[in-house]
Amino acid sequence: MRAFEKQFTVHQEMKPTTIRMIRENLQSKTLESGSRYLLIVTPNLETTIDTVDQELRNRYEKQNIQGRTPQIKFNSDFPDDADYTKRCKIINDVKNSIERGDDILLIDMEMIYESLYDVLNQYYKEWQGNKYVEIALESHRVNCRVHDETKIILLARPDQAVKFPIPLLNRMEKHYFTLRDNMTMTELKVVKQLEDWVESLTTSNSGVLNDFQTNETFIGYHQDTTAPMSKRGGRNYRPFVTKQGHWIKYRSTKLICSMTVK
């Protein structure tokens, strides 16, 4: 991409950013456009779920779609949530959502991805103008009508995605997303200031790291912590934000301090 930009003038609004490519996929009709379903790999599932949910709701509002909400489906590590009956219920819920034309977000649902092999591969059969696909559970298979507006979005952390079977990865449109991909320049500057501030707390005056790690001082801190803090710090306070983002930084610093070990 950099080599292409050196040879041609590429306007900022035309650059294929991650959030723009995700947005274009979500706004298209899968069967008409031929687009694949999304696999979004992210280190911060919570903020990514919020971002995708908001993008879908914006589409509903823009297209004047009434009464529809994204269907978000989680799985847990409890043994009873992986038994045959539970899987049947989840697959039936997904089947009904596909037939209604819902947008479906699947998180930690590895136990049913094999059952959705033909769905994710878009291996459709057409009959009387409708498209059908088979959903399987062990030896049982059932036909499911595929609504034109259905979107299936898989969300996974990097350590989960590397364990996915190669055939599953090959079926999906894949993106690596962090909240920074959906931030303004002011917010990104604040993120850099927050990261420098956090690093200063774990570094001595001599430049040598102290004995404790950052996530030992701030519970749950990781590489994508400061970005959502910056977003939350500036939420509902836009009229008061200066060009330097001082108000966002003040609010974000308070949020990060709330993570400190007492």
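## Strand β7 and its neighbours

Strand β3 (residues 103-107) runs parallel to β7 and is joined to it by five bridges; strands here are DSSP E runs of at least two residues, and helices are H or I runs of at least four, both numbered from the N terminus. Within this pairing, Leu105 stands opposite Ile153 of β7. The model is a predicted one, in which local features need pLDDT of at least 70 and side-chain atom pairs count only at pLDDT 80 or more, while totals for chains, interfaces and linings use all residues. Residues are numbered from 1 along each chain as its sequence is written, and side-chain values use heavy atoms, with hydrogens and water left out.

Strand β1 (residues 38-41) is also parallel to β7, with four bridges between them. Leu39 has Leu154 as its bridge partner in β7, and Ile40 stands opposite Leu155.

## Burial of β7

Strand β7 covers residues 151-156, and six of its six residues are buried (under 20% relative accessible area; exposed means over 50% and partly exposed in between, with a 1.4 Å probe and protein chains only). Lys151, Ile153 and Leu155 point one way from the strand, while Ile152, Leu154 and Ala156 point the other way; all are buried.

The open sheet has five strands in the order β2-β3-β7-β1-β8, with parallel pairing; two strands pair if DSSP finds at least two bridges between them. At the edges are β2 (71-74) and β8 (173-176), each pairing on one side only. Neighbouring strands are turned by 20° against each other on average, direction ignored.

Helix α2 (residues 18-27) packs on this sheet and touches β1, β7 and β8, where contact means heavy atoms within 4.5 Å. The direction of α2 makes about 145° with that of β8. Axes are lines fitted to C-alpha atoms, for helices over the stretch in contact, and angles run from 0 to 180 degrees between N-to-C directions.

## Whole protein

The protein has 13 helices and eight strands. Of its 262 residues, 42% count as buried. Among contacts between residues at least 6 apart in sequence, 68% join residues at least 24 apart. The accessible surface comes to about 15500 Å², and 51% of this belongs to carbon and sulfur atoms (Shrake-Rupley method, 1.4 Å probe; for residues, only the protein chains shown count as cover).

## Cysteines

A search of the whole structure finds zero disulfides, a disulfide being a pair of cysteine sulfur atoms within 2.5 Å. Cys144 is buried, at a relative accessible area of 0%, whereas Cys88 is partly exposed, at 28%.
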